[in-house]
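This briefing covers a two-chain model, with notes grouped by topic. Please have the sequence and structure open while reading.

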Amino acid sequence: MPAASQIKALIVDDQTSIRQVLANSLAEIGFTHIAQRKDGKDALEYLEQNPTHLVISDFNMPVMDGLALLRAVRSNPKTQKVAFIILTSEASRELVQEAVKAGVNNFLAKPYTVAKLREVLEKVFGPIK
Amino acid sequence: MSGDMDDILLVFFQECEEQLQELERGLAALSDGESGKETINAVFRAVHSIKGGAASFGLENLVRFAHVFESSLDGLRSGRVAPTPEIVKIFLKAMDVLSDLVAEAQGGAAVDQDRIADSRTELETIMANATGSAPAEKQDEVIPADFTPVPLDFAPVMADFDFGDLGVEEEVPASTALVVTFSPHTAMYDRGDDARNLLIGLADVAVAHGGTSTVTCETAAVPTLADLETEKSCLSWRVVLPAAVPEESVHTVFDWVSDVCDVTITREGAAILKAEDKNAEDAAASLAPASTTDAQAPASAIIAPEPAQAPSPTSAAVMERIMAELPPAPAASAPVDAGKAQPVRQPAEQATIRVDLHRVDDLMDLVGELVIAQAALEAIGQANNGGHQEMNKCIASMKTLTRDIQDAVMAVRAQPVRSVFQRMQRVVREACSMTHKDVVLTLEGENTEVDRTLVEKLSDPLTHMLRNAVDHGIESAEDRIAAGKPGTGQILLSAGHRSGRILITIQDDGAGINRERVLAIGVKRGIVAPDAVLTDDEIHNLIFAPGFSTAATVSDLSGRGVGMDVVKQAILGLGGRVTISSVEGQGTTFCLSLPLTLAVLDGMLIDAAGSTMVVPISSVVETMMVGHKDIYALPDGANVVSIRGECMPLIPLASVLGLVRKRATGQSEEDVILVVENESGARAALIVDTIRDQAQVVIKSIEKNYRQMPGVSAATILGDGSVSLILDIPALVANALGRIDTRPSDVRTEIAA
């Protein structure tokens with residue numbers, strides 16, 4: 001049963017506003033380690049350097065999208081056990097299935113509430129203090 | 001939190017603007033036949049992002065429309081829909097609706113429901129006609145019902161990382177780890193010292209000894225909100241440093257605050273550490289691993305309030321966030337200095353910042369004053385010349401610097417005209433759909449940079465001129481085909497720099513200006529006398545006359561009560577000129593010449609009848625002395641001067657401006673003249689008394705402070721504090737040419753001879 005403040009999170013989305021909303025929601029749950037990156041490539045660079053437990057990533061981003069990031073994360077022994085949650089409003093079932101195949105831990109559908117976010121997180125981490 | 005949300009919403013709207021621009025660029029590329037995967041993705045992503053954001057902020061109207069738009073773009077992305085011109089047109093229309101919906105969400109005018117419905121239907125038709133596999137059904141629940149979230153065994157994941165800060169699997173520093181507890185007194189904050197700097201200092205020490213520091217924030221002393229005294233210090237920290245760190249290094253860090261905080265330094269074992277950690281578990285925060293020394297700091301995103309001058313960081317949450325955000329210790333150069341240095345937020349993400357426009361404007365104003373002050377200083381230096389060689393040197397280098405600062409500020413304010421130009425695509429599209437014409441607008445030189453005050457002011461005149469070009473310039477498709485032209489009209493909007501000004505041309509391949517008709521209307525409206533003989537240029541310029549309108553019926557478009565005279569006034573107001581050239585049957589070209597900035601001007605200082613005046617350098621072609629043998633009098637009393645065989649009107653500046661000239665023309669053997677020209681290249685010679693200097697002057701509006709005067713465009717303040725007038729050369733040239741003749745120069749030469 002991890003405490004929210006123990007979980008080091010990384011938010012990946014190309015939109016600053018979406019990142020900030022999500023960061024606020026995480027902070028409300030009690031997260032204290034919240035980093036943000038604007039695309040998959042930057043996120044990988046960050047993950048390479050910074051131990052992280054949780055990645056919440058958008059699907060559709062320039063440079064490197066969420067699916068490519070997920071695959072890269074899972075193929076790197078250093079990062080493969082990171083919890084990966086995809087933030088989506090994607091209407092495409094195929095992409096969702098691709099993500100499942102690539103080893104996504106859970107999905108967070110936009111728009112979401114803080115309660116929903118907590119629920120999605122707890123399905124991955126177990127109850128969060 | 002609502003204040004926060006408002007701020008984020010603002011960010012979202014800014015992003016929407018960017019996404020819409022991206023969308024416009026992408027769709028423009030698509031309509032140019034560039035249907036690469038990247039382009040299509042960018043277009044899709046733009047709409048997708050707007051939709052996603054709008055959903056988060058509960059902007060229902062926007063979400064609903066963006067969703068339909070996105071679905072049909074998805075058809076494009078998956079190849080079920082081909083980007084034919086018709087379909088791109090539908091997308092462009094949808095983009096306009098989307099852009100209006102964004103404006104509506106920001107509190108703008110409500111968008112017409114029918115327009116939304118129309119566009120929606122069009123988009124849905126695209127999907128209905130899509131080839132290949134059936135369009136994806138709209139799914140409210142996107143995530144497959146059979147998907148089971150993949151739970152994670154939290155602890156094992158941690159084990160893969162070399163953390164050291166997680167309660168359970170905590171990797172405790174060596175048993176002799178150096179533990180520092182640090183509780184600042186209120187006095188420390190009062191003095192302006194920042195706990196964060198000290199913690200950074202400790203992190204530096206840790207790095208210097210090849211380890212990392214672990215920081216725990218002690219929040220137990222924080223009282224409940226009701227008892228909270230905002231000025232009082234109540235947080236303390238516990239920092240675990242590697243065993244290799246000598247105690248002296250820690251003392252050095254706290255050296256200069258030792259009187260205003262409690263510091264204990266102990267070497268402790270693991271057991272105590274663990275116990276302590278449990279208490280402070282919820283507040284646990286650790287500095288990023290010290291191995292990271294490059295610039296890719298984890299620039300986290302919650303923007304922490306700057307605590308440096310804050311009375312006391314009483315909110316534990318805030319401090320924790322700050323801690324979370326601390327960049328990895330910078331290279332361990334000087335631990336002592338690190339404590340004093342300003343905390344540097346490393347901009348890992350953005351290479352640009354958003355700045356309030358008024359701040360830049362204030363800066364520009366100040367630079368303007370600086371230019372004046374510098375000129376004043378220079379004037380003093382010259383007055384005392386010889387006495388202060390050193391001072392003059394300083395003044396000279398200050399002059400260079402002033403100019404560099406000015407250029408730098410100008411560069412900050414400079415913006416490509418792209419934003420305005422791209423907006424014109426929509427103007428043309430709307431004009432086309434209203435007039436049922438087919439016109440392609442081509443943009444050139446969108447990257448040309450001009451002062452942003454100018455960029456904004458270009459929008460209205462350009463909008464009007466382009467509407468006019470579509471409405472009056474381009475013929476109907478049938479007429480065009482009858483005239484042997486392609487049915488689709490072309491308008492070219494281009495921008496470029498030319499001799500310190502920006503030149504914008506609007507060129508259509510329409511019917512050109514019908515001179516007989518224009519002249520007839522001019523006579524009918526009483527703008528010109530019935531017997532007047534006008535040159536082609538003068539006839540063209542009639543369309544700028546107030547009260548002139550050639551449209552047989554007042555069309556929905558151009559007849560909105562604004563005439564071309566308003567356009568001309570707007571351009572003149574910006575210090576610009578409009579010229580027209582037109583060939584019947586081939587089209588019309590409008591040429592706008594505008595200054596790059598509305599703030600400063602390179603000028604030549606001249607004297608006429610004892611007054612010092614400024615001639616914009618950009619309009620001076622050359623300066624010379626001319627003998628009287630080269631000056632010819634015309635029968636109507638005006639003079640022309642022949643320079644290397646070219647005749648041009650001679651403007652006795654002083655008398656034109658109504659000044660009493662102390663020295664009549666012709667008394668001395670030679671006169672000083674400035675050969676000047678207007679934008680269309682027409683030249684005239686100004687007779688002046690002397691040329692004084694060349695200087696950069698700050699433009700002060702004369703209309704605002706006095707009133708408009710013919711022949712004078714603005715005023716400035718010279719180095720000696722005196723007010724000087726800036727001459728409106730094109731007006732003077734036009735005036736002189738009007739009085740004399742505008743026939744080709746060889747004809748004039750004959751007459752003069």
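Helices and strands here are DSSP runs, numbered from the N terminus: helices are H or I runs of at least four residues, and strands are E runs of at least two. On that basis chain B has 24 helices and 22 strands, and chain A has five helices and five strands. The model is predicted, so local features need pLDDT of at least 70 and side-chain atom pairs count only at pLDDT 80 or more, while totals for chains, interfaces and linings use all residues. Residues are numbered from 1 along each chain as its sequence is written, and chains are lettered from A and ligands numbered from 1 in the order in which they are written.

**Chains overall**

- From the N terminus on, the elements of chain A follow the order β-α-β-α-β-α-β-α-β-α.
- A residue is buried if 20 or more other C-beta atoms lie within 10 Å of its own, exposed if 12 or fewer, and partly exposed in between, with C-beta atoms placed from the backbone.
- Of the 129 residues in chain A, 60% are buried; of the 753 residues of chain B, 36% count as buried.
- Two residues are in contact if their C-beta atoms, placed from the backbone, lie within 7 Å.
- Among contacts with a separation of 6 or more, residues 24 or more positions apart account for 62% in chain A and for 71% in chain B.

**Annotated position in chain A**

- UniProt, in an unreviewed entry, lists A:Asp58 for "modified residue: 4-aspartylphosphate"; UniProt positions are given in the numbering used here, feature names are shortened, and annotations may be inferred rather than shown by experiment.
- A:Asp58 lies in strand S3 (residues 54-58) of chain A.
- A:Asp58 is buried because 29 other C-beta atoms lie within 10 Å.
- Leaving aside residues up to four places away in sequence, A:Asp58 touches A:Val12, A:Asp13, A:Asp14, A:Ile18, A:Gly66 and A:Leu87.

**Annotated position in chain B**

- The UniProt annotation "modified residue: Phosphohistidine", also from an unreviewed entry, covers B:His48.
- B:His48 lies in helix H2 of chain B.
- B:His48 has 25 C-beta neighbours inside 10 Å and therefore counts as buried.
- Leaving aside residues up to four places away in sequence, B:His48 touches A:Asn60 and B:Glu70.

**Helix pair within chain B**

- Helix H2 (residues 37-56) and helix H3 (residues 60-77) of chain B pack at an angle of about 155 degrees, with their axes 9 Å apart; axes are lines fitted to C-alpha atoms, for helices over the stretch in contact, and angles run from 0 to 180 degrees between N-to-C directions.
- That angle makes H2(B) roughly antiparallel to H3(B), given that angles under 35 degrees count as roughly parallel, over 145 as roughly antiparallel, 65 to 115 as roughly perpendicular and the rest as oblique.
- The contact residues include B:Val47, B:His48 and B:Lys51 of H2(B), and B:Ala66, B:Glu70 and B:Leu73 of H3(B).
- By class, the contact of H2(B) with H3(B) has 13 nonpolar, three polar and four charged residues; Ala, Val, Leu, Ile, Met, Phe, Trp, Tyr, Cys and Pro count as nonpolar, Asp, Glu, Lys and Arg as charged, and the others, Gly among them, as polar.

**Helix pair between the chains**

- Helix H1 (residues 16-29) of chain A packs with H2(B) at an angle of about 35 degrees, with their axes 10 Å apart.
- In this pair A:Ser17, A:Ile18 and A:Val21 of H1(A) meet B:Gly52, B:Gly53 and B:Ser56 of H2(B).
- The residues of the contact of H1(A) with H2(B) are two nonpolar, four polar and no charged.

**Helix pair within chain A**

- Helix H3 (residues 66-75) and helix H4 (residues 93-102) of chain A pack at an angle of about 10 degrees, with their axes 10 Å apart.
- H3(A) and H4(A) are therefore roughly parallel to each other.
- A:Leu67, A:Leu70, A:Arg71 and A:Arg74 in H3(A) meet A:Leu95, A:Glu98, A:Ala99 and A:Ala102 in H4(A).
- That contact of H3(A) with H4(A) divides into five nonpolar, no polar and three charged residues.

**Positive phi outside glycine**

- A:Val63, in the loop between S3 and H3 of chain A, has a positive phi near 65 degrees.
- A:Val63 is exposed, with 12 other C-beta atoms within 10 Å.
- B:His436 has a positive phi near 55 degrees and lies in the loop between helix H15 (418-435) and strand S6 (439-444) of chain B.
- B:His436 counts as exposed, with 8 C-beta neighbours inside 10 Å.
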